[in-house]
Amino acid sequence: MDTHDRNLFLMMFMAAALVSLNFFAVITGVADGFYNQFTEFLKPIFLNRY
């Protein structure tokens, strides 16, 4: 296994971990507060563009 294969495996593992963590957060309802804060953070950026 060379460096490229290890980096590819690490990237796929991290992506799978993020997806499963997001799924768990949505199921338990923990993500609601985070999504609301993130949306409030992005609103001024996208609304003031045009």
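How many residues does helix α1 have, and how far does helix α1 reach from its first C-alpha to its last? The legends below take this up first.

This is a predicted model, in which local features need pLDDT of at least 70, side-chain atom pairs count only at pLDDT 80 or more, and totals for chains, interfaces and linings use all residues. Residues are numbered from 1 along each chain as its sequence is written, and side-chain values use heavy atoms, with hydrogens and water left out.

View 1. Helix α1 covers residues 3-28, which is 26 residues. (Helices are DSSP runs of H or I with at least four residues, numbered from the N terminus.) From first C-alpha to last, helix α1 reaches 37 Å, close to the 38 Å expected; the expected span is 1.5 Å times one less than the number of residues.

**View 2. A nonpolar patch on the surface.** The patch consists of V26, F34, Y35, F38, F41, I45 and F46, with about 720 Å² of accessible area together. (Patch residues have over 30% relative accessible area and no salt bridge, and nonpolar side chains are joined within 5 Å; areas come from the Shrake-Rupley method with a 1.4 Å probe.) Helix α2 (residues 31-47) gives the largest share, six residues. Y35 lies in helix α2 and is partly exposed at 34% relative accessible area (buried is under 20%, exposed over 50%, partly exposed in between).

**View 3. The salt bridge of K43 and E40.** The structure holds one salt bridge (a side-chain nitrogen of Lys or Arg within 4 Å of a carboxyl oxygen of Asp or Glu). The side chains of K43 and E40 form it, at 3.4 Å from N to O. K43 and E40 are three residues apart in helix α2, so about one helical turn separates them. K43 is partly exposed, with a relative accessible area of 41%.

Notes: Helices (H or I, at least four residues) and strands (E, at least two) are DSSP runs, numbered from the N terminus. Patches are made of residues with over 30% relative accessible area and no salt bridge: like charges are joined within 9 Å, nonpolar side chains (Val, Leu, Ile, Met, Phe, Trp, Tyr) within 5 Å. Buried means under 20% relative accessible area, exposed over 50%, partly exposed in between (1.4 Å probe, protein chains only).
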